[in-house]
Amino acid sequence: MYAQMVKTDAARVRSLDEMEPQERAFQERIDAGQKIEPKEWMPEGYRKTLVRQISQHAHSEIVGQLPEGNWITRAPTLERKAILLAKVQDEAGHGLYLYCAAETLGISRDQMYEQLHSGKAKYSSIFNYPTLTWADIGAIGWLVDGAAIMNQVPLQRCSYGPYARAMVRICKEESFHQRQGYDALMRMVKGTPAQKAMVQDALNRWWWPSLMMFGPSDDASVHSAQSMAWKIKQNSNDELRQKFVDQTVPQAKYLGLTIPDPDLKWNEEKGGHDFGEPDWEEFFNVIAGNGPCNAERLDARKKAWNDGAWFRDGLTAHAEKAADRRAAAKIAAE
Ligand code: 3HC
C-alpha cells in the first residue's frame, strides 16, 4: 500500500514511433549498445537522470566514509587499522571520480555540494544507521559493499561513457572492501562466544537496511523503467535484491550466522530464495531525512565544507595570482 502511495510520477517509456527524429536516433544508438559521450546530444531527461543518479552515488561514497571513519581510532589491531584507513580513503577517491563524471554533464561540484547540504540530493539510506561495535565495520564490508558491488557491476555497462568507465575502477576496489569485511567477521566468529554474538547482532541490525540499498520494490520504483530503457540501469531493484540474497545466504551459513528473516527459504522452483518484505515505511522515512543518523551525517558534511573554506579561498587566490603572473610575463615577452 505504501508502495502505491509513493509511485506518483512514473513516466511511461515512449516507443520509438512516438519520438522526434533526433531522440529516436539517440535511442537507436542506446539500443545498439553504443556509449554516449559528454559533448554529444542527449535528451534533457537522460542528462537529468544521470546527474541525479551519479551525484547521489558520489554523495553516498563521501557520506559513507563517516560511519567507518568513526572506528579508525578504535580498530583492534594495527593491521585492521591500516586496512580500514585504506578503505575509507578509497571511498573518497570513488566520490571524486563520480563527481568528475557528473561534472561532464554540466553541473558544477559546488552545485552538487549545495544540493547535498540543503537536503535536496539524496545519498544511500544505509549510511543513516549507526556503527555501534567493531563487528559493524565487518558487516559493512560484507553486506554494504557486497550490495554495492551487486548494484555497481552492471553500471560498468551503463550507456553513459564517463560513468561506465568510473565504475570499472570502483568495482575493483569495492570487491577488496567486501573481502576484508568478510575476513574480519570470519576471525570474530572463530573467537570467543561474545565475539560471535557481536557478529550476529551486527547482522541482525544491518541485514534489512542492506536490502533497502537496492531501492524500493519495482512497483514503487519511479525511475527504473525509463533508466532501463536508456540502459543507465541494466536491472530492476528487485532483480538485484534477489541476487544479493541468493549470494549472501550461503556466506552467512559459512560464518555460522542466522539471517534475521523468518520467511527466508530456498524455493526450488524459482531457483532462488523467498524472503520477507523490508519495512518500506522505515525506508521512506530514512530517505526523507528522518533516519537515526541523518542529521548527524549532514552536520558532519556541512562542518567539513565550512572548515575547508579557508583552504579553498587560498587555492583560488593562488590560482588567480599565478594567472596574473603568467599574463604579465606574456606581455613582457611581446
Ligand atoms: N537510498 C536513498 N535513496 C534511494 C535509495 C536508497 N537506498 N533507493 C532509492 N532511492 C531514492 C531514489 O534516488 C529516488 O529518489 P529521487 O527521485 O529523489 O532521486 C527514489 O528513491 C525512487 O527510487 P527509484 O528506484 O525510482 O530510483 P533509481 O532508479 O535511481 O534507483 C538506485 C535507485 C538503485 C539506488 C540507483 O539510483 C542506483 O543504482 N544508483 C547508483 C548506485 C548508488 O548510488 N549506490 C550507493 C550505494 S552506497 C555506495 O556505493 C558506497 C560504497 O562505498 C558502499
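**Exercise 1.** At what angle do α3 and α5 pack, and how far apart are their axes?

*Solution.* The model is predicted; local features need pLDDT of at least 70 and side-chain atom pairs pLDDT 80 or more, whereas totals for chains, interfaces and linings use all residues. Residues are numbered from 1 along each chain as its sequence is written, and side-chain values use heavy atoms, without hydrogens and water.

Step 1. Helices are DSSP runs of H or I with at least four residues, numbered from the N terminus. Axes are lines fitted to C-alpha atoms, for helices over the stretch in contact, and angles run from 0 to 180 degrees between N-to-C directions.

Step 2. The angle between α3 and α5 is about 160°, and their axes are 8 Å apart.

Step 3. α3 is therefore roughly antiparallel to α5 (the term applies over 145 degrees).

**Exercise 2.** Describe how α5 and α7 cross.

*Solution.* Step 1. The axes of α5 (residues 78–103) and α7 come within 13 Å and cross at roughly 45°.

Step 2. The two helices are therefore oblique to each other; oblique covers what is left after under 35 degrees (roughly parallel), over 145 (roughly antiparallel) and 65 to 115 (roughly perpendicular).

Step 3. The crossing of α5 and α7 is left-handed, meaning that the near helix is turned anticlockwise from the far one by less than a right angle.

**Exercise 3.** Which helix gives the most residues to the shell around the ligand?

*Solution.* Step 1. Helices that each supply at least two shell residues include α3 (44–63) and α8 (161–189).

Step 2. α3 gives the most, with 6 residues.

**Exercise 4.** Find side chains with polar atoms close to ligand oxygen atoms, using polar contacts (pairs of N or O atoms within 3.5 Å).

*Solution.* Step 1. For R52, the distance from a side-chain N or O atom to a ligand oxygen is 3.0 Å.

Step 2. For E61 the corresponding distance is 3.1 Å.

Step 3. For S221, a polar side-chain atom lies 2.7 Å from a ligand oxygen.

Technical notes
A polar contact is a pair of N or O atoms within 3.5 Å; within protein, one must be able to donate a hydrogen and the other to accept it, and residues adjacent in sequence count only if both atoms are side-chain atoms.
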